[in-house]
Amino acid sequence: MADILTIKNVSKSFGGLKAITDLFFETQEGSITAIIGPNGAGKTTLFNLISGLYKADSGSIFFKNLRIDTLKPHKIPYLGIARTFQKLSVFPNMNVLENIMVGRYSLSSSGFFTCAFNLKRYRKEERDIREKALFWLDFMNIDHIWNKNIKEIPFEKQRIVEITRAVVSEPELILLDEPAAGLNITETKNLIDTINKIRELGKTVLIVEHDIDLIMEISDKIIVLNFGHKIADGQPKDVQKDERVISVYLGKEFSK
Ligand SMILES: Nc1ncnc2c1ncn2[C@@H]1O[C@H](COP(=O)(O)OP(=O)(O)OP(=O)(O)O)[C@@H](O)[C@H]1O
Ligand SMILES: [Mg+2]
């Protein structure tokens with residue numbers, strides 16, 4: 001499988017604080033790569049660099065051999081990269097379907113003038129967006145709550161809505177920042193099934209998570225960050241035994 005994402009010697013500082021230092025790794029197309037590490041290790045910063053919210057101080061980022069770290073953030077979704085946020089991000093005054101349609105509107109070609117003067121084209125686009133959203137609602141098993149206000153549904157389902165809003169743009173690469181945070185064991189198991197289902201479509205997933213059981217179960221590769229430095233990069237079974245990873249993050253009991 002070809003590499004879909006390449007992080008090449010990327011560094012990012014905030015004032016005197018080095019959040020990411022000389023980071024490099026590759027992600028294969030169709031794989032699940034986990035980024036783990038203690039709080040403040042630079043995981044979310046990495047996602048912000050890939051999605052263009054932050055500019056790297058040095059180094060470069062390639063998506064399918066196209067350099068993307070020089071692009072404006074609003075260009076990134078068009079290339080086929082979507083993300084969720086560590087802090088749940090949903091639109092509170094909309095229902096589930098509308099929340100998901102937003103993910104597709106962001107890629108819509110209709111600007112103000114199309115909406116105002118070319119209603120026919122606008123209506124067709126609106127219909128297409130709705131159809132796509134309904135397809136993904138079904139795929140993610142939340143079709144039965146499509147018309148519920150987002151505030152009325154459980155937190156777990158709100159998380160799924162957020163992930164659905166990312167996948168509705170049909171990206172090739174999906175960045176999930178702590179999707180299991182706040183979920184119980186059963187909900188986490190459901191989330192694992194959902195992520196596996198997304199991967200089965202051939203999508204590439206980059207996931208930041210503190211839930212080590214989830215990470216061990218779904219990842220093809222794990223990158224471990226500590227104070228912005230990569231301290232391990234490999235298959236779960238090897239990373240689990242890595243002395244440095246055990247001492248700074250996993251703890252002894254997990255290495256057995
Ligand atoms: N916009 C910013 N301005 C200043 N400092 C920042 C900014 N974003 C991140 N940092 C700092 O960079 C470091 C890495 O933060 P980051 O959010 O990437 O960590 P993380 O690995 O995602 O941690 P957590 O597991 O707690 O989410 C932290 O010390 C953080 O305070
Ligand atoms: Mg974070």
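A residue counts as buried here if 20 or more other C-beta atoms lie within 10 Å of its own.

Q: What share of the 256 residues in the chain is buried?
A: This is a predicted model, so the count is taken from predicted coordinates. With the cut-off of 20 or more C-beta atoms within 10 Å, the buried share of the chain's 256 residues comes to 36%.

Q: What radius of gyration does the chain have, and why does it agree with a compact globule?
A: The C-alpha atoms fill a box of roughly 60 × 40 × 35 Å along the principal axes. For 256 residues, a compact globule would come out near 18 Å, so the chain agrees with that at 19 Å.

Q: Which element gives the most residues to the shell around ligand 1?
A: The shell includes Leu 17, Ala 19, Lys 43, Thr 44 and Thr 45. Two elements, strand E2 (17-28) and helix H1 (43-50), each give two or more residues to that shell. The top giver, with three residues, is H1.

Q: Which residue in E10 stands opposite Val 224?
A: Strands E9 (residues 221-226) and E10 (residues 229-234) run antiparallel, joined by five bridges. Across from Val 224 sits Ala 232.

How values were computed:
Residues numbered from 1 in each chain as written. Chains lettered and ligands numbered in written order. Predicted model: local features only at pLDDT ≥ 70, side-chain atom pairs only at ≥ 80, totals over all residues. Pairing = 2+ DSSP bridges. Helix = DSSP H or I, 4+ residues; strand = E, 2+ residues; numbered from the N terminus. Near = placed C-beta within 6 Å. Rg over C-alpha atoms; globule rule 2.2 N^0.38 Å. Buried ≥ 20, exposed ≤ 12 C-beta atoms within 10 Å, placed from the backbone.
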